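Subject: Handing over a structure, with notes

Dear colleague,

I am passing a structure on to you, together with some notes on what was found in it. Please have it open while you read, so that each residue can be looked up as it comes.

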Amino acid sequence: LMDDDELAAVFCHEAAHLARGHLAAYGLLALAFLFSLGPLREIARPLPGWLACSLFAAYAGAYWVCLLGMISRRLETEADLAAASAAGFGAYLSALRKVACLLGPAAAQSGWRHLSLSRRLAMLEEASADPRRAQRVFDSCRRLRAGLFVFFLASAAGLAGSFLAGPEGGRGALELARDAVEEAVDTQPLLGPAAARAHGSSAIARWLGRDPAKIAEAY
């Protein structure tokens with residue numbers, strides 16, 4: 001249903017995710033989560049098992065549902081404004097209005113990672129009338145990406161500190177990896193069905209069919 005200008009505006013939205021470094025931001029967010037598990041592990045160490053598991057579950061839920069959702073909605077707004085600025089507000093608004101028409105009442109519903117189309121259209125109309133609004137969003141997202149980088153560095157430092165402060169302090173990364181592999185060997189009964197299904201000579205099949213005990217012996 002869209003003409004060439006409207007299609008170009010839609011592609012501009014996706015290109016804006018690349019141009020504005022959104023993929024890198026999501027990568028930092030994922031790495032920061034993995035690194036932050038080290039300090040959290042030290043915090044949970046003295047807790048009973050069920051309470052430690054609840055702590056990890058609550059942290060993961062808050063991180064991936066609340067924090068990721070908030071950041072994603074902000075970056076989607078930036079992509080909307082960047083696309084409209086590049087392709088023209090008229091073409092981008094027209095494209096979104098057509099989508100909103102197709103969605104009907106669902107256009108008023110917000111998602112986990114996107115604002116509702118109704119709110120996006122209202123925001124774009126305001127920004128087309130006042131360019132300073134778009135600039136404020138761009139500045140806010142620039143600060144957000146800088147904050148993600150700082151959080152990533154802090155989580156990496158926390159991970160290093162947890163290794164040094166914990167009972168494993170002073171041991172090399174290879175020994176820690178060996179311990180992880182030895183723990184994985186205990187899950188061999190769970191890997192049995194996957195290994196039984198693995199067949200053929202593909203790399204994925206060979207990986208599924210590998211013997212964890214042999215990996216442990218290699219250390």
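This is a predicted model: local features need pLDDT of at least 70, side-chain atom pairs count only at pLDDT 80 or more; totals for chains, interfaces and linings use all residues.

Residues are numbered from 1 along each chain as its sequence is written, and side-chain values use heavy atoms, with hydrogens and water left out.

The overall fold

The protein chain has 10 helices and 0 strands, where helices (H or I, at least four residues) and strands (E, at least two) are DSSP runs, numbered from the N terminus. Along the sequence, the pattern therefore reads α-α-α-α-α-α-α-α-α-α. Of its 219 residues, 29% count as buried; buried means under 20% relative accessible area, exposed means over 50%, and partly exposed lies in between, with a 1.4 Å probe and protein chains only. Among the contacts in the protein chain with a separation of 6 or more, 73% are between residues 24 or more positions apart, a contact being heavy atoms within 4.5 Å.

How helices pack

Two packed helices are described by the angle between their axes and the distance between the axes. The axes are lines fitted to C-alpha atoms, for helices over the stretch in contact, and the angles run from 0 to 180 degrees between N-to-C directions.

The axes of α1 and α3 come within 8 Å and cross at roughly 130°, which makes α1 oblique to α3; angles under 35 degrees count as roughly parallel, over 145 as roughly antiparallel, 65 to 115 as roughly perpendicular, and the rest as oblique. On the side of α1, the contact is made by Ala9, Cys12, His13, Ala16 and His17, while the residues of α3 include Leu75, Glu76, Ala79 and Asp80. Sorted by class, this contact of α1 with α3 has 9 nonpolar, 2 polar and 2 charged residues, where Ala, Val, Leu, Ile, Met, Phe, Trp, Tyr, Cys and Pro count as nonpolar, Asp, Glu, Lys and Arg as charged, and the others, Gly among them, as polar.

α3 also packs with α4, at an angle of about 125° and with the axes 6 Å apart, and these two helices are therefore oblique to each other. Here Asp80, Leu81, Ala83, Ala84, Ser85 and Ala87 of α3 meet Phe89, Ala91 and Tyr92 of α4, and the residues of this contact divide into 7 nonpolar, 1 polar and 1 charged.

Salt bridges

The structure holds 9 salt bridges, each being a side-chain nitrogen of Lys or Arg within 4 Å of a carboxyl oxygen of Asp or Glu. One of them joins glutamate 6 and lysine 98, whose closest N and O atoms are 2.8 Å apart. This pair links distant parts of the chain, since glutamate 6 is in helix α1 (residues 4-19) and lysine 98 in helix α4 (residues 89-103), 92 residues apart. Glutamate 6 is buried, at 4% relative accessible area, whereas lysine 98 is partly exposed, at 28%.

A salt bridge also forms between arginine 120 and aspartate 80, with 2.7 Å between the closest N and O atoms. Because arginine 120 lies in helix α5 (residues 117-129) and aspartate 80 in helix α3 (residues 49-87), the pair ties together parts that are 40 residues apart in sequence. Arginine 120 is buried, with a relative accessible area of 12%, and aspartate 80 is buried as well, with 1%.

Two single residues

Serine 116 lies in the loop between α4 and α5 and is buried, with a relative accessible area of 2%. If its neighbours within four places in sequence are left aside, serine 116 is in contact with Ala107, Ala108, Gln109 and Ser110.

Alanine 30 belongs to helix α2 (residues 22-44) and counts as partly exposed, at 29% relative accessibility. Its C-alpha atom is separated by 9.1 Å from that of tryptophan 64, a residue 34 places away along the chain.
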